[in-house]
Amino acid sequence: MLRGMRSKLPLDEMSKKIIRKFQWPISGGSHFTNKPSVYKMAKEFHVHPKVIKNRITNLLKSGLIRGVKFYADSRFMPWNRYFILTGGGKSFAKEICDHFSEFPLVERVIFGTLLMSNFAEARGNVNVEREFSSISLIASDDSEMEKQLYNLEKTIGHSLDFVEIMNDSPQKERLISPNEQFVLNAVMYQDPLSMSINKIAQELRVPARTVRRKVTKMLDAGVIYEEVSFDTDTAQGVLLPSIIMTGDFRKWLPAINESKFLRDRLLLYKNWSRFSFFIFYAETFSTVDQLIATAREIDPASMLTYRNGSYNNPHVKYPPPDIGE
């Protein structure tokens, strides 16, 4: 299985610890809201801050981590986030990436290769590989979303090969206030690894302590979260497969943590519309086989995905607050 993947230099323990600090939606209080977060990690891991900085730099240079970005949980937003699942792969995602500047409400495209098991076959477990990509798109409603997809197809000159369109925010929590959204939008344009509260305060012309208080409040409430963009296809010497299960990650995490084999190799977990992703590291190809076998003991419908990655849209523009509310 997965013979095309490359494995040379495994991640060291410090790099794994740092990656785990990017957990969505809450990372145990070590949010990357300012440079002191590096020092918090250094203190927790009992190393010099330069060690943390160097590891993050190396992870970025290696290509394994394409970047880190702030996102807003759409349950708290006046707009909706849609995931448009398509049958295209990395080349298809790159094609959309080339037109990011024309579609500022497209947040990113995600791509990967799925390994599915067809249990309907009389002979038993037959593995089938299929490439996929997904477009993360912001829109006020279904009508605006459909209009954006029509324009996107028109721009690239062919069909998007839709598999499913998923609204990622059908259940709304308390909507944030316009004042909070002004701060939130400013945060989402910042790089989490070099974010400056003072810079945001100057742009918004409000006291820095006010910005810091609002950001901390939204982080604690799960309104803002940071997320890593991997590219496990291009990074040398790394095996980072993901297990996909249907439902919120909280449904499956307890059972995964009960397995020492899975728990020791788990790096990150996140929700993706009606699916949950559990990202693992594996030392060998046989370990990857064992990962999916163990996961299917928990959920027989589990799917494995690998050669994963994403492209973030540097031209994304989040809708401004509605002052009239």
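Is arginine 205 buried or exposed? Select arginine 205: it is exposed, with a relative accessible area of 80%. Exposed means over 50% relative accessible area, buried means under 20%, and partly exposed is in between, using a 1.4 Å probe and protein chains only.

**Before you go on**

This is a predicted model, where local features need pLDDT of at least 70, side-chain atom pairs count only at pLDDT 80 or more, and totals for chains, interfaces and linings use all residues. Residues are numbered from 1 along each chain as its sequence is written, and side-chain values use heavy atoms, with hydrogens and water left out.

**The whole chain**

Show the whole chain as a cartoon. The protein chain has eleven helices and ten strands. Helices (H or I, at least four residues) and strands (E, at least two) are DSSP runs, numbered from the N terminus. Of the 325 residues, 52% count as buried. Now think about contacts, meaning heavy atoms within 4.5 Å. Take those in the chain with a separation of 6 or more: 76% of them join residues 24 or more positions apart.

**Stop 1: the loop at arginine 205**

Go back to arginine 205. It lies in the loop between H7 and H8. Look at its backbone. Its phi is positive, about 60 degrees, although arginine 205 is not a glycine.

**Stop 2: H7 against H8**

Select residues 197-204 for helix H7 and residues 208-220 for helix H8. Their axes come within 8 Å and cross at roughly 115 degrees. Axes are lines fitted to C-alpha atoms, for helices over the stretch in contact, and angles run from 0 to 180 degrees between N-to-C directions. That makes H7 roughly perpendicular to H8. The label covers 65 to 115 degrees; under 35 is roughly parallel, over 145 roughly antiparallel, and the rest oblique.

H7 passes H8 in a right-handed crossing.

Which residues of H7 and H8 make the contact? On H7, pick Ile197, Asn198, Ile200 and Ala201. On H8, pick Ala208, Val211, Arg212 and Val215. By class, this contact has six nonpolar, one polar and one charged residues. Here Ala, Val, Leu, Ile, Met, Phe, Trp, Tyr, Cys and Pro count as nonpolar, Asp, Glu, Lys and Arg as charged, and the others, Gly among them, as polar.

**Stop 3: H6**

Next, select residues 178-188, helix H6. H6 is mostly covered: eight of its eleven residues are buried. Colour Glu180, Gln181, Val183, Leu184, Asn185, Ala186, Val187 and Met188 to see the buried ones. They pack against strand S1 (65-72), H7, H8 and strand S6 (224-230).

Keep H8 on screen. H6 and H8 pack at an angle of about 85 degrees, with their axes 10 Å apart. That makes H6 roughly perpendicular to H8. H6 brings Glu180, Val183, Leu184 and Val187 to the contact. H8 brings Val211, Lys214, Val215, Lys217 and Met218. The classes are six nonpolar, no polar and three charged residues.

**Stop 4: serine 276**

Move to strand S9 (residues 275-280) and select serine 276. Serine 276 is buried, with a relative accessible area of 0%. Which backbone oxygen lies 3.0 Å from a polar atom of its side chain? It is the oxygen of glycine 247.

Leaving aside neighbours within four places in sequence, serine 276 is in contact with several residues, among them Ile243, Met245, Trp252 and Lys270.

**Stop 5: asparagine 80**

Select asparagine 80 in strand S2 (residues 80-86). Asparagine 80 is buried, at 11% relative accessible area. Its side chain reaches the backbone oxygen of serine 140 at 3.5 Å. Not counting residues up to four places away in sequence, asparagine 80 also touches others, including Leu137, Asp141, Asn167 and Lys172.

**Stop 6: two last residues**

Find serine 15 in helix H1 (residues 13-20). Serine 15 is buried, with a relative accessible area of 6%. Beyond its neighbours within four places in sequence, serine 15 is in contact with Arg55 and Leu59.

Finish at arginine 307 in strand S10 (residues 303-312). Arginine 307 counts as partly exposed, at 24% relative accessibility. Its phi is near 50 degrees, a positive value in a residue other than glycine.

How values were computed: Left-handed = near helix turned anticlockwise from the far one by under 90°. Polar contact = N/O pair within 3.5 Å; in protein donor to acceptor, adjacent residues only side chain to side chain.
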